[in-house]
2 protein chains.
Amino acid sequence: MNKYTNKLDHFISQLNTDTQQDIMALPKQMVYEKGDFLLKEGTICKKSFVLESGIIRKFYLNEGKEITTEFYFKDDIALSFKSYISQEPSNEYLQVLEKTVVMVTDYDDVLKLQKTHPELIELELLFMQQYVIWLDERLFHFHTLDAKQKYQLLLNKTPHIIQNIPLNYIASYLGVSPETISRIRASK
Amino acid sequence: MNKYTNKLDHFISQLNTDTQQDIMALPKQMVYEKGDFLLKEGTICKKSFVLESGIIRKFYLNEGKEITTEFYFKDDIALSFKSYISQEPSNEYLQVLEKTVVMVTDYDDVLKLQKTHPELIELELLFMQQYVIWLDERLFHFHTLDAKQKYQLLLNKTPHIIQNIPLNYIASYLGVSPETISRIRASK
DNA sequence: CGACATATTGAGATCCATCAACCAATGTGG
DNA sequence: CCACATTGGTTGATGGATCTCAATATGTCG
């Protein structure tokens with residue numbers, strides 16, 4: 001958990017209290033049920049979702065097949081980067097895998113707040129940096145690890161993914177067939 | 001070419017001329033020869049390199065093998081992100097593939113300038129956003145394309161890579177063996 | 001219970017890596 | 001200026017990892 005948010009919390013805690021309160025005033029709590037979509041292909045990602053509980057999955061369609069690209073748990077921030085950044089239609093979906101409580105913040109509200117509090121741009125920069133590091137590492141794994149190694153890495157580094165998410169999605173996330181994952185499990 | 005810099009140029013052009021001149025005052029021109037290293041593993045990436053001409057390759061070592069992760073051409077900005085962001089020792093190398101002219105800017109100088117010109121933080125944010133989009137796309141390709149498709153994509157989208165860079169490095173960049181690339185070439 | 005999603009297992013096909021030999025172009029030192 | 005080393009690229013044979021397809025559990029929920 002807490003994939004991105006540690007540095008961000010630290011940054012926020014150093015802002016003056018008025019600014020902090022302005023930030024905290026933006027998000028609204030929402031509750032979604034299993035299967036609900038927070039974002040669909042072709043729609044612009046206008047909101048960010050900070051999870052209070054539950055699980056969200058991000059995926060896109062490639063030749064009719066769902067390719068899972070990310071899972072979000074408590075305290076993670078879910079959004080479709082490219083669409084959020086560019087405010088153009090997304091090619092990704094955000095779907096709730098079980099009952100999930102999120103704090104939703106409007107992109108436009110963030111922009112407005114950045115106008116009056118320019119120091120918040122740095123907050124977005126920090127967030128982006130965290131994401132770059134995460135992406136970079138993930139690419140590294142695709143570059144160097146085989147199916148078994150990728151699975152075991154997940155098992156060690158993020159066991160909550162293995163424990164809470166159907167094998168189907170995990171396989172897709174790792175770029176491997178479900179059967180292969182199943183066989184890796186079986187082999188000790 | 002111009003992988004990242006289009007939006008950045010636009011942003012810079014909208015700054016007031018004093019600020020623009022402050023930015024332009026930072027970089028110093030340097031010339032490197034084939035084989036030279038701009039960064040080595042274990043060293044902190046304290047500089048960014050904007051290429052005026054030549055080619056740079058970024059790679060890391062994995063079990064003794066070089067894994068190429070990026071090529072830089074004219075107008076690209078070469079640096080090791082993770083190390084540059086965190087100012088911790090890099091696990092990557094930056095190596096010059098042919099005589100290369102770069103404009104070098106010190107990270108500390110950028111930080112100083114950001115203190116006096118906070119609007120430049122947004123410039124860094126834009127840069128980071130471009131990189132996220134690029135990384136995201138690259139990950140997508142590793143997730144969905146086979147060797148042939150990856151090669152043909154490179155051929156279509158960035159022919160200058162194919163034309164100017166040894167097959168060895170291209171293969172590594174695509175996560176494929178050199179032999180496979182060679183066979184793809186031979187098959188029409 | 002029946003229906004549907006999820007997971008396992010087997011068999012065959014396929015992609016691609018590896019290893020090895022070989023070739024062509026280039027460069028270097030004697 | 002030649003002999004030879006070096007670099008970059010090709011080609012062939014083989015094996016292994018993993019995909020695909022299909023059959024069969026196992027589980028869950030109305």
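## Interface of chain B and chain A

The area buried between chain B and chain A (accessible area, 1.4 Å probe, lost on putting the two parts together and summed over both) is about 2,800 Å², with carbon and sulfur atoms giving 72% of that area. The model is predicted: local features need pLDDT of at least 70 and side-chain atom pairs pLDDT 80 or more, while totals for chains, interfaces and linings use all residues. Residues are numbered from 1 along each chain as its sequence is written, and side-chain values use heavy atoms, without hydrogens and water.

Contact (heavy atoms within 4.5 Å) takes 29 residues from chain A and 29 residues from chain B. The rule finds 2 salt bridges across the interface, a salt bridge being a side-chain nitrogen of Lys or Arg within 4 Å of a carboxyl oxygen of Asp or Glu. One of them joins B:K82 to A:E137, with the closest N and O atoms 3.6 Å apart. On the side of chain B that touches chain A, α5(B) provides the largest share, 18 residues.

Sugar and phosphate make up 53% of the atoms of DNA strand D that come within 4 Å of the protein. α9(B) gives the largest share of this surface, 5 residues.

A polar side-chain atom of A:T180 lies 2.4 Å from a phosphate oxygen of DNA strand D. For A:R183, a polar side-chain atom lies 3.1 Å from a base oxygen of DNA strand D.

Note on methods. Chains lettered and ligands numbered in written order. Near = heavy atom within 4 Å. Polar contact = N/O pair within 3.5 Å; in protein donor to acceptor, adjacent residues only side chain to side chain. Helix = DSSP H or I, 4+ residues; strand = E, 2+ residues; numbered from the N terminus.
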